[in-house]
Amino acid sequence: MEKKEKKKKSLLRRILKWTGITFLLLIIALILVPIIFKDEIKEMVIDEVNNNLNAKLSLGEFDLTFLSTFPNMTVELNDTKLEGINEFKGVELASIKQFVAHVDFWSVVSGDQVEIDEIHLKEPSFDVRVLNNGLANYDIVKPDSVKTPEQASEPSNFKLSLKEYSITGANVNYKDEPSSMSMNIANLNHTGKGDLTEDVIDFETTTGMDKITFNMDGVSYLTDVKTDVIMNILMEFTEKSSKFTLKENQFKLNSLSFSVDGFYEMLEDHDQMDLKLNANKATFKEFLSLIPAFYRTGYENMVSKGTLEMKGLVKGKMDDTNLPGWDFKLAIGNGSIKYPDLPGSISNINVKASSAFAGGDNLDKMTLDVEKFHAAFGVNTLDANLKMRNPMTDPLLVSDIMAKMDLATIKDYIPMNEGESYNGKLDADVHLNGRMSSIEKEDYEAFKAEGTLTLMGMNYKSPDLSNDVDISEMVFRFSPKNLTLEKLNAKTGNSDFSMNGAIDNYMGYVFRDELLKGNFNFTSNLIDLDQLMNLSTSTSESTGETSEAASESSEPLLIPNNIDFDLRTSIGKLKYSGTDITNMNGNVKMKEEVASLEGLSMNAMGGSIGLKGTYDTRDHAKPKINFSYVLKELDIQQLAKNFVTVEKLAPIAKYAQGKISSSFDMTSDLTSDLSPIYNSLNGGGDLSTSTVTIKGFKPFEKMAEALQMSKLSSQTIKDVKAKFSFADGKVNVKPFDVNLGKIKTNVSGFTTFEQGIDYDLKMMVPKEEIPAAMIKTVEQAISKVNSLAPGLDMKSVPDQIPVKVDVLGSVMNPKITTNFKESLMEATGNLKDNLINNIKETAKDTVKAIVNDKIDDAKEELEKKKQQILAEAQKNADKVRAESKKQANAVRAEAQKNADKLLAEAGSNPLKQAAAKKAGDKLIKEAEEKALKIEAEGDKKADAIMKEAQEKADKLK
């Protein structure tokens, strides 16, 4: 019994012992495996991006664990950024604070493809852009045509087997220039669950956005709308289609809730859909939440009444030529809006609007109707209607707009912000009825267009504005031919302006996006830009901060591509950046994304300025200028102070007093804040000044020290005339003559935009300008040498010494070198040079070579024998290469056969097909490596044959 008990205890002890060891080893493995594979997976991520994307990837901290997600491993990438290249250099397509992926443990250990089960993005930012030329920064997947053979055949390091994903705290900016469309999303949160490896998937998603703003063609369809979406989708994948059926779903835009029923199916040659809007429970107040003026001002306490009917249907076929049909309707009946704290209410709100299209390729059959739009603000009324037919061929437009508003009473119906108020009278009575063809034929009697829009005595106050805006009178008159701005008189702060003119082809612009033409006259007694732009008078034209980061923070001022406007301008006085500009006159033409200045003239900075040229925005990301300037008698100090470009191009201006005249041309690319991109500057011209005084300029001060002539440190220079050009980041000054005091000087060289300098000064220094002590020492030395060696005949110091001065370094740290000492020695007779000249005269002998004609004949016979040996060797080498090529192609063909077999066995599941393709690609890659090795061996043998033949030929003598 005791023995049996001891055996039981011994067995139990061994079980516990090995169990403990196994458990300990498992814990050690859990700790060590992530450490072992961490660098390998990071390299796999980088390789995957480099092999497949045209973008620049940067990674922050990288971590790999699986203690919390066992048996899956967790990959964490922190501060991941994907930056564009070429046209999108400097634009971050994605910036993700944390990227988390759950991957299958055994796929990591096996070293084949890493299977990804979950993906979670935390606080990502996306900046999506489509340029006018159609290039999109999200189109970054490399086509096979640009991949290296190794990249094209390389299977992916990763396999997507998603069961769940999420996006938390995302911000999205989207701008599509060709479509004139933009969207901004703030704090997007989204989750999705479903097994994406299956052919039939129940997919569940939830989406929340704090703010979404959507604009298209200059119209804001959504503004800071809070959005929540719950959507469950049945996904069905077959070999020929992918069908998405909406199950339980709910959309909520601010307070408006609705759902969508139906499906969307993608077939081989077209898409099919049947989607229906379900908004039966939506109320009028919920609909008002989409209008910022109501939602942002006391919406919760607002009381509204009235009926709301919203219907929408999209059904049919969509491909390259066809669009699905639609039928949308909106009706509001007997609506009213009342704020408890305000005396008045908006009443009798009635709206009936619809748009329909049967579907197909003829959008001319689309209809748009606003049968009724009416609202009463007490005694103020607003009425409108609209009917549109045949928009694609010969648009018919029937519309009436009538309004009578006392702006001072708006505060009785809609809450105003503190300090905000309106005054004035708005009257509109406009009637349009006719077809586009009538205007094209100039049959104006057949097109009814009449009425006026007037605004009188308007005053607007806002805490966001430093000054009131006053429009004393505005009259806009409608006619079939044009829209006429008869008068506009306005004032804000110190600034005033008047304007009149006309706009032609407004119907063609609205319906066919044709050129909108306009002619306007703009006059003003005073425009105070410092006040309007909230600039202090001490602010210069530019701070000089033209970094790419600053330029990306804003959009450049773009000229529309379908306008042709001519603005004739006359401004008595304009204040900008502390500078007073007077008598500003000229024309500004804007046509097809280019603004042209014609005959612009003004008085400023003590002189006059003439300007003509173009501001070209056809490249939206990088506008260009091409200007010609004529400056007359401008104060140099004011010029340098107010224009940072002048200080960049001519840093000496900062230290100069006087007036300057110049004519020059300049072209440059611009940043989005309209500052020049200096390395793109090109141009040139001339400058002149009758008198200029220069003090405190470092290169002059250093030159004075080097030459021991203190007078050079500050100069008053007269009658300067010079020519210059700028390109490749520097200003080149062509040689010109100037007097620095009594020293005649020729100046040439260049200044870089980074303030580097390289100038050559050729000076004729009068004897009297050289320090007296230096002259005395030189003349004593000459006298002594002549007395000891009369034959050398050293001369006395001449009246003028030619001196060369090189000015290098930078404006603030110049480096001066001169040949003053050498030039002085040469001018008085140089013993060293005389001796050298004598040696050169006595050392002239020539040696002629002897040529043996028979050597050429022997060389020709020897060369024939060498060529025979090499030709036979080449024949044998080519035979070896052909055989190795045949064997290599057989290996490639077998691999392709096996890859095709794997793909056929994958069936219709798209994910299985993708996996089969990757496995096949791996087989092809391995075969390619083997084939290349066979071909390399053949090449090696062939090279050996040729080498042996060459050695044999070389031995022939």
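Asp400 touches Asp383, Ala384, Asn385, Val430 and His431, leaving aside residues up to four places away in sequence; contact here means heavy atoms within 4.5 Å. This is a predicted model, in which local features need pLDDT of at least 70, side-chain atom pairs count only at pLDDT 80 or more, and totals for chains, interfaces and linings use all residues. Residues are numbered from 1 along each chain as its sequence is written, and side-chain values use heavy atoms, without hydrogens and water.

**Exercise 1.** Find which side chain makes a polar contact with the side chain of Asp400, and which side chain of opposite charge is nearest.

*Solution.* 
- Step 1: Start in strand E18 (residues 396-406), where Asp400 is placed; strands are DSSP runs of at least two E residues, numbered from the N terminus.
- Step 2: The polar partner is the side chain of His431, at 2.6 Å. A polar contact is a pair of N or O atoms within 3.5 Å, and within protein one must be able to donate a hydrogen and the other to accept it.
- Step 3: Lys448 is the nearest side chain of opposite charge, 5.6 Å away. Asp400 is buried (under 20% relative accessible area; exposed is over 50%, partly exposed in between, with a 1.4 Å probe and protein chains only). Asp400 has no salt bridge, a term that requires a side-chain nitrogen of Lys or Arg within 4 Å of a carboxyl oxygen of Asp or Glu.

**Exercise 2.** Describe the phi and accessibility of Glu123 and Asn334.

*Solution.* 
- Step 1: Most residues other than glycine have a negative phi.
- Step 2: Glu123, in strand E5 (residues 114-130), has a positive phi of about 50° and is partly exposed at 46%.
- Step 3: Asn334, in strand E14 (residues 325-338), has a positive phi near 50° and is exposed at 59%.

Terms used
Helix = DSSP H or I, 4+ residues; strand = E, 2+ residues; numbered from the N terminus. Lys, Arg positive; Asp, Glu negative; His and termini not counted.
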